[in-house]
Amino acid sequence: MKKIVGAIAVIGLLLSSMFLHSVMGGSRAEKEAPAAMEHKGEMEEHPGKMGFLHHAMEELEEHTEKVFHAIIHGKFTELGEPARAVAGVAVSLKGTKPHNKLESIETYEGFIGALVDVSAKFERTVNEGDPVGITRSFGKVIEVCVACHANFRN
Ligand code: HEC
């Protein structure tokens, strides 16, 4: 559904920009700009929809803070619930869009896939119970958080 709405929005944007250019002319560079570059980002194009991503990110922060706290206090038996929660939120990110750089949406989707993978692995490692393995595996989760932010946060 979101994809369909997104596609309709992109088509609308294309048509309106083609119309404006035919009426007003427009420089060569403008005419050659890819359509995605003209998208101002989800925040401006679909203001109501950004709430979900924002909320999901706050949840990820809350659960990963619990994980860090448990690890640093050596409470490796208390990781089951936050590990499951991180993995669940990761899956729920599918279909979301970043605020900016929509021309790189495939890269963004790649980061979501990576988070789904590393957080599922983290959950499995937690169940195995080895502190070193758990800590390494959590490091991979944070790496993906930071990599996506470096690319898509404004
Ligand atoms: C697929 C890309 C992606 C991944 C992976 C990702 N984030 Fe984010 N994150 C974003 C984007 C885009 C924003 C800015 C949008 C927003 O704040 O709503 C953001 C914002 C945030 C914020 C700021 C919230 C706010 O807006 O005040 C926090 C905290 C956060 N992420 C935590 C995390 C944590 C923790 C992880 C890993 C477990 C993570 N994120 C993984 C894309 C990602």
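Me: A residue counts as near a molecule or strand when its C-beta atom, placed from the backbone, lies within 6 Å of it. Which residues are the closest to the ligand, and how many surround it?

Reply: The ligand is surrounded by 22 residues, and the closest are His54, Met57, Phe111, Cys145 and Cys148. One caution first: this is a predicted model, where local features need pLDDT of at least 70, side-chain atom pairs count only at pLDDT 80 or more, and totals for chains, interfaces and linings use all residues. Numbering starts from 1 along each chain, as its sequence is written.

Me: Happy to keep that in mind. Where does pLDDT stay under 50?

Reply: That happens over residues 7-37. pLDDT is the predictor's confidence in each residue, from 0 to 100, and its mean over the chain is 80, with 68% of residues at 70 or more. The model has 15 contacts beyond four places in sequence for residues 7-37, a contact being two residues whose C-beta atoms, placed from the backbone, lie within 7 Å. Where pLDDT is low, the predicted coordinates should not be read in detail.

Me: Back to the ligand, then. What makes up its shell by class?

Reply: There are 15 nonpolar, 4 polar and 3 charged residues. Nonpolar means Ala, Val, Leu, Ile, Met, Phe, Trp, Tyr, Cys or Pro, charged means Asp, Glu, Lys or Arg, and the others, Gly among them, are polar. Met57, Phe111, Cys145 and Cys148 are among the closest residues, and their residue types are on the nonpolar list.

Me: Which helices each supply at least two residues of that shell?

Reply: They are α5 (50-72), α7 (105-128) and α8 (131-152). The most comes from α5, with 8 residues. Helices here are DSSP runs of H or I with at least four residues, strands are E runs of at least two, and both are numbered from the N terminus. By that rule the chain has 8 helices and 0 strands.

Me: How do you know that the length of α5 agrees with what its 23 residues should span?

Reply: The expected span is 1.5 Å times one less than the number of residues. For α5 that comes to 33 Å, and its end C-alpha atoms are 33 Å apart, so the two agree. In α7, 24 residues reach 35 Å, close to the expected 34 Å.

Me: Why is Ile142 called partly exposed?

Reply: Buried takes 20 or more other C-beta atoms within 10 Å of the residue's own, exposed takes 12 or fewer, and partly exposed is in between, with C-beta atoms placed from the backbone. Ile142 has 13, so it is partly exposed. It sits in α8, and its C-alpha is 9.6 Å from that of Ser119. Ser119 is itself among the buried residues of α7.

Me: Which residues touch the most other members of the largest nonpolar core?

Reply: Leu79, Ala83, Val86, Ala90 and Phe122 do, out of 16 residues. α5, α6, α7 and α8 each give two or more residues to this core, and α6 has the largest share, 5 residues. Such a core is a set of buried Ala, Val, Leu, Ile, Met, Phe, Trp, Tyr and Cys residues joined through C-beta atoms within 7 Å. Phe122 is a buried residue of α7. Leaving aside residues up to four places away in sequence, Phe122 touches Ala83, Val86, Ser137, Phe138 and Val141.

Me: What covers the buried residues of α7?

Reply: The cover includes α6 (80-92) and α8. The buried residues of α5, His63, Thr64, Val67 and Ala70, also have α6 and α8 in their cover.
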